[in-house]
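Biologist: I have a new model open and I would like to learn how to read it. Could we go through a few features together?

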Amino acid sequence: MAKIAHIVLLGWTAAATEAQKQACADALAALVGRIPGLVSYSGGSQMSPEPAGSGIDFGFTMIFTDAAARDAYLPHPEHQRVIREAIAPILRTVQVLDYALAD
């Protein structure tokens, strides 16, 4: 089975504070070790000079052991708590892309 890369691109509201943005990043990183099959997290603020990045403020990638682990993560209570408490209050837009990693 192939590992799955779960890439999420977020756009924050104009009212989002630096503390809220950092709390979001911290909460996402803390999911590693709490959700079975979640291998790693990497994320950061937008820094591309390309116009295609317009409207995206933050992105992250999570690597899962396989598609089943990713599927279990989506409704997982800890993931849903992070969405509800950290992401949703400052979210303007979101894009998601998942793909299988080559072995």
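Modeller: Gladly. Keep in mind that this is a predicted model. Let us begin with Phe60: setting aside the neighbours within four places in sequence, Phe60 is in contact with His6, Ile7, Val8, Leu10, Leu28, Tyr41, Ser42 and Gly43.

Biologist: Where is Phe60 found, and is Phe60 buried or exposed?

Modeller: Phe60 is found in strand E3, which covers residues 58-64. A residue counts as buried when its relative accessible area is under 20%. Phe60 has 5%, so it is buried.

Biologist: Which separation do the C-alpha atoms of Phe60 and Ile7 show?

Modeller: They are separated by 5.8 Å, although Phe60 and Ile7 are 53 residues apart along the chain. Gly59, found in strand E3 as well, gives another example: its C-alpha atom is separated by 5.6 Å from that of Gly43, 16 residues apart along the chain.

Biologist: What is Gly59 in contact with, leaving aside its neighbours within four places in sequence?

Modeller: The list for Gly59 is Val8, Leu9, Ser42, Gly43 and Gly44.

Biologist: How should I read a nonpolar core?

Modeller: The general idea is that in soluble globular proteins, nonpolar side chains tend to be buried together. Here the largest nonpolar core has 23 residues, and those that touch the most other members are Leu28, Leu31, Phe58, Phe60 and Met62. At least two residues of this core come from each of strand E1 (4-12), helix H1 (18-29), strand E2 (38-45), strand E3, helix H2 (67-73) and helix H3 (77-87).

Biologist: Which residues make the contact of H1 with H3?

Modeller: Helix H1 brings Ala23, Cys24, Ala27 and Leu28, while helix H3 brings Val82, Ala86 and Ile87. These residues divide into seven nonpolar, no polar and no charged.

Biologist: I also noticed His79. Where is its place, and is His79 buried or exposed?

Modeller: His79 has its place in helix H3. With a relative accessible area of 8%, His79 is buried. Leaving aside neighbours within four places in sequence, its contacts are Leu31, Ile35, Tyr73 and Leu74.

Biologist: What about Pro77?

Modeller: Pro77 lies in helix H3 too, but Pro77 is exposed, with a relative accessible area of 60%.

Biologist: Let us turn to charged pairs. How many salt bridges does a search of the whole structure find?

Modeller: The search finds seven. When you read one, look at the atoms that meet, then at where the partners sit. Lys21 and Glu18 make one of them, with the closest N and O atoms 3.1 Å apart. Both residues lie in helix H1, three residues apart, which is about one turn of the helix. Lys21 is partly exposed at 25% relative accessible area, whereas Glu18 is exposed at 58%.

Biologist: Which parts of the chain does the salt bridge between Arg34 and Glu78 tie together?

Modeller: The side chains of Arg34 and Glu78 meet at 3.3 Å, N to O. Arg34 is in the loop between H1 and E2 and Glu78 is in helix H3, so this pair ties together parts that are 44 residues apart in sequence. Arg34 counts as partly exposed at 46% relative accessibility, and Glu78 is partly exposed with a relative accessible area of 24%.

Biologist: And Asp57 with Arg92?

Modeller: That salt bridge has an N to O distance of 3.5 Å. The pair links distant parts of the chain, 35 residues apart: Asp57 is in the loop between E2 and E3, and Arg92 is in strand E4, residues 91-100. Asp57 counts as partly exposed at 32% relative accessibility, as does Arg92 at 47%.

Key: Residues numbered from 1 in each chain as written. Predicted model: local features only at pLDDT ≥ 70, side-chain atom pairs only at ≥ 80, totals over all residues. Heavy atoms only, no water. Helix = DSSP H or I, 4+ residues; strand = E, 2+ residues; numbered from the N terminus. Buried < 20%, exposed > 50% of the residue type's maximum accessible area, 1.4 Å probe, protein only. Contact = heavy atoms within 4.5 Å. Core = buried A, V, L, I, M, F, W, Y, C linked by side-chain atoms within 4.5 Å. Nonpolar A, V, L, I, M, F, W, Y, C, P; charged D, E, K, R; others polar. Salt bridge = Lys/Arg side-chain N within 4 Å of Asp/Glu carboxyl O.
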